[in-house]
Amino acid sequence: MTQLTTDDLIGIRRHLHEHPELAMHEVTTHQYLLTIIQQFKQDYLEIRELPDLPTALLVYVRGSQPKRTIGYRTDIDALPVTEETGLPFASQNPGVMHACGHDIHMTVALGVLNWFSEHQPEDNLVFFFQPAEESENGGKVAYEQGVFKGKWRPDEFYGLHDNPNLPAGAIGCRMGTLFAGTTEVNVDLIGKSGHAAYPQDANDMVVAAAEFIGQVQTIVSRSVNPIEGGVITFGKLDAGTIRNVIAGKARIEGTIRGLTQKMIEHIVDRLKQVANGVATSYDAKVDIEFNQGGYLPVENNDELTKRFIDFAKQDPQTQFVETQPAMTGEDFGYLLSKIPGTMFWLGVDSSSPLHSATLNPKESAIGKGVNSIVRFLRFRQGESVS
Ligand SMILES: [Zn+2]
Ligand SMILES: [Zn+2]
């Protein structure tokens with residue numbers, strides 16, 4: 001196999017779509033990617049496997065006159081969703097689906113890598129096929145294992161996510177944050193249960209929980225700059241056992257979203273203050289815990305992102321759309337907190353949203369995406385792309 005055609009890429013995408021695997025279990029996906037890459041011209045390539053992260057794959061492309069090393073990341077995992085597209089190449093793995101479009105991400109990455117395996121770049125390139133984006137923080141795990149050391153450390157990192165709301169093949173981006181950061185929060189309120197008829201002998205945590213939830217609503221409305229934005233949602237509340245017993249305990253579970261890590265920390269601080277206040281005024285014990293396994297915001301680097309957007313705007317072969325930030329999370333935020341870079345969207349024009357059982361990205365996005373990214377990477381290396 002030399003240069004992959006658009007039809008080859010669509011065939012690869014369909015194979016990947018048929019065989020989705022969950023986070024950290026991307027065994028056949030890994031093997032398939034490896035088999036494809038091994039068929040590329042190997043002159044400039046070095047393939048690296050990771051014993052401690054066995055479903056990941058890295059590929060180094062040796063530049064001819066490197067000024068820097070440019071990283072490109074794709075995620076490879078799927079979701080626990082039962083596919084309902086009815087497509088002839090629908091998932092053959094029951095209950096698992098590429099419902100976030102990571103099959104498209106991988107295919108575009110292979111297309112870009114294939115191009116540079118045929119046309120040696122000036123700069124070095126590092127391609128990272130990353131497991132476990134949807135859960136288990138694959139990017140963070142790789143970083144903490146020391147994967148990006150020495151020649152494998154990119155000076156700058158790029159990655160994309162598909163976007164059903166943009167025209168197929170369009171590139172979307174913005175300065176600042178592309179995806180929000182997320183932190184999970186659990187609140188346990190502990191008082192004293194008792195007979196419904198004797199409130200004076202009990203300490204009612206249903207009332208305390210109601211007060212807590214009510215007060216929390218003022219954090220976003222009164223403590224957050226309205227043009228910066230933040231979200232606190234409590235999606236789960238558990239308290240009590242039966243109608244005529246006062247509940248001595250309540251547990252509230254929620255999620256915090258913010259466009260910057262500073263905003264999330266601000267919301268976390270206010271939540272702690274509200275919890276302390278409710279604890280004092282209700283004479284209750286209030287334990288509040290924050291899950292550090294949340295995602296950092298995807299904060300685009302100013303200089304690199306301005307260059308990326310300027311290129312996309314003026315490139316005659318790229319359709320560029322300026323986008324809003326998304327309040328969903330993406331684990332590329334962790335890598336971008338360590339290595340400057342840019343995350344952007346690739347439009348796939350689907351009437352169904354990401355994570356839905358009927359997501360059906362338009363495959364015409366693949367060839368256009370590969371073309372725009374190859375052109376950007378050539379431009380970034382100083383080539384004049386016309
Ligand atoms: Zn997803
Ligand atoms: Zn995704």
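Q: Which residues does Gly71 touch, not counting residues up to four places away in sequence?
A: This is a predicted model. In it, Gly71 touches Val126, Pro154, Glu156, Phe157 and Tyr158.

Q: Where is the place of Gly71?
A: Gly71 belongs to strand E3, which covers residues 69-75.

Q: Is Gly71 buried or exposed?
A: Buried. Its relative accessible area is 0%, and buried means under 20%.

Q: How far apart are Gly71 and Ser384 in space?
A: They are 20 Å apart, C-alpha to C-alpha. In sequence, 313 residues separate Gly71 and Ser384.

Q: New topic. Where does Ala99 lie?
A: Ala99 is in the loop between E3 and helix H3, the helix at 102-118.

Q: Buried or exposed, that Ala99?
A: Ala99 is buried, as its relative accessible area is 0%.

Q: What does Ala99 touch, not counting residues up to four places away in sequence?
A: Ala99 has contacts with Leu79, Val81, Leu354, His355, Ser356 and Leu359.

Q: And how far is Ala99 from Trp345?
A: The two are 16 Å apart in space, C-alpha to C-alpha. Along the sequence, Ala99 and Trp345 are 246 residues apart.

Q: What does Cys100 bridge?
A: Cys100 bridges the zinc ion (ligand 2) and the zinc ion (ligand 1). Those two ions lie 3.1 Å apart.

Q: Why does Cys100 count as buried?
A: Because its relative accessibility is 5%, and the cut-off for buried is under 20%.

Q: What about His102, buried or exposed?
A: His102 counts as buried, at 0% relative accessibility.

Q: Let's do helices. At what angle do H1 and H2 pack?
A: At about 160°. Helix H1 is residues 6-18, helix H2 is residues 27-38, and their axes are 10 Å apart. The angle therefore makes H1 roughly antiparallel to H2.

Q: Right-handed or left-handed, when H1 passes H2?
A: The crossing of H1 with H2 is right-handed.

Q: Which residues meet there, between H1 and H2?
A: H1 brings Ile12, His15 and Leu16. H2 brings Thr29, Tyr32 and Ile36. By class, the contact of H1 with H2 has 4 nonpolar residues, 2 polar and no charged.

Q: How do the axes of H5 and H6 cross?
A: At roughly 145°, and the axes come within 10 Å. Helix H5 runs over residues 205-223 and helix H6 over residues 261-282. H5 passes H6 in a right-handed crossing.

Q: Which residues of H5 and H6 make the contact?
A: From H5, they include Val207, Phe212 and Ile219. From H6, Ile267, Leu271 and Val278 are among them. The contact of H5 with H6 has 11 nonpolar, 3 polar and 2 charged residues.

Q: Zooming out, how many helices and strands does the protein have?
A: The secondary structure comes to 9 helices and 16 strands. The C-alpha atoms fill a box of roughly 80 × 45 × 40 Å along the principal axes.

Q: How many of the 386 residues count as buried?
A: Of the 386 residues, 54% count as buried.

Notes. Residues numbered from 1 in each chain as written. Chains lettered and ligands numbered in written order. Predicted model: local features only at pLDDT ≥ 70, side-chain atom pairs only at ≥ 80, totals over all residues. Heavy atoms only, no water. Donors = N, O, S within 2.8 Å, 3.2 Å for Na, K, Ca; no water. Buried < 20%, exposed > 50% of the residue type's maximum accessible area, 1.4 Å probe, protein only. Axes fitted to C-alpha atoms, helices over the stretch in contact; angles between N-to-C directions. Helix = DSSP H or I, 4+ residues; strand = E, 2+ residues; numbered from the N terminus. Parallel < 35°, antiparallel > 145°, perpendicular 65-115°, else oblique. Left-handed = near helix turned anticlockwise from the far one by under 90°. Contact = heavy atoms within 4.5 Å. Nonpolar A, V, L, I, M, F, W, Y, C, P; charged D, E, K, R; others polar.
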